[in-house]
Amino acid sequence: MNAREIAGAAARRLEAAGLEDARFEAEVLVREAAGISRAAYFAGAVLDGEARARLEHWLARRERREPLAYITGWREFYGRRFAVGRGVLVPRPETELLVDVGLDAVRGGRGAVVLEVGTGSGAVAVSVAAEAPEATVIATELSPEALRFAALNAAAHAPGVQLVRCDLAAAVRRADVVLANLPYVPSGEIDALEPEVSAWEPRVALDGGDDGLQLIRRLIRDCAERLRPRLLALEVGFGQADAVAAAGRSLGAAASTLPDLAGIDRVVCLRWA
Ligand SMILES: C[S@@+](CC[C@H](N)C(=O)[O-])C[C@H]1O[C@@H](n2cnc3c(N)ncnc32)[C@H](O)[C@@H]1O
């Protein structure tokens, strides 16, 4: 059997495991297991025994609903490959909006200090640093496992990013622009999420407390009372933007909201004069 025929059989297994995008995922797994390009895949490349064994192992993992990106070991974000795996959130496409907001805020200026709070794989901080080398980029994170991935990704794409292990922004003294995609899922809703998230991604990356906004409110307060950045941009979940904007206004900020590509209010921008 060639690669495409093997992928056809793999897709049937993944479909039976309940995956929506089984055909696409089967192709990705076959190509990654064999280390072949799309062109070689469509040209009918043949898999050797080692690639077949690797694919079999990966399919069994995916059937248990382990995230595809944990199995392949990477996810593309803002045009770059980020190493991911157990212990770190897989960066989501909608989070690219936070990078756009950060870049708009620093481009054309001179040497702004950008702080990303809760950097996970480093996707946001590393993308900003790679796209705007004139900025100083600091990224904080509580989880040592996540920080290990952030360090790998910074080394690959933007070695100047300063990684700091601390609670929110506690160890940082100054920032002009603060970006954060903090955990925002209400604690009681995590178990109802798809298994790739609820069973595999770290709780510390998901759990935002009773209403999902516990960490976000703490960071807004720290920015209002201590850091005073000119911009705090926060990614939020569906239906949370109004409450987050109100929390910012109650602490003296002007608030605005940006929609993602699906039209969901996704980033709340808070500005202090
Ligand atoms: C939703 S994930 C986002 C990760 C990454 N920024 C992204 O967008 O892919 C939230 C991150 O915040 C980290 N985190 C949770 N609580 C934190 C805290 N108190 N201080 C710093 N980081 C925290 C988690 O470990 C996780 O990596």
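Q: How many Å separate the centres of domain 1 and domain 2?
A: The centres, taken over C-alpha atoms, are separated by 33 Å. This is a predicted model, where local features need pLDDT of at least 70 and side-chain atom pairs count only at pLDDT 80 or more, while totals for chains, interfaces and linings use all residues. Residues are numbered from 1 along each chain as its sequence is written, and side-chain values use heavy atoms, with hydrogens and water left out.

Q: Where are the domains?
A: Domain 1 covers 3-64 and domain 2 covers 74-271, with bounds that come from an automatic or database domain assignment.

Q: And how many residues are in contact between them?
A: In domain 1, 5 residues are in contact with 5 residues of domain 2, where contact means heavy atoms within 4.5 Å.

Q: How many salt bridges are there between the two?
A: There are 2 salt bridges between domain 1 and domain 2, a salt bridge being a side-chain nitrogen of Lys or Arg within 4 Å of a carboxyl oxygen of Asp or Glu. The side chains of Arg62 and Glu196 form a salt bridge, at 3.0 Å from N to O.

Q: Switching to the ligand, which residues come nearest?
A: Of the 19 residues around the ligand (a heavy atom within 4 Å), the nearest are Gly118, Glu141, Asp167, Leu168 and Asn181.

Q: What does Asp167 do there, in terms of distance?
A: A polar side-chain atom of Asp167 lies 2.7 Å from a nitrogen atom of the ligand, and a polar side-chain atom of Glu116 lies 2.9 Å from a nitrogen atom of the ligand.

Conventions:
A polar contact is a pair of N or O atoms within 3.5 Å; within protein, one must be able to donate a hydrogen and the other to accept it, and residues adjacent in sequence count only if both atoms are side-chain atoms.
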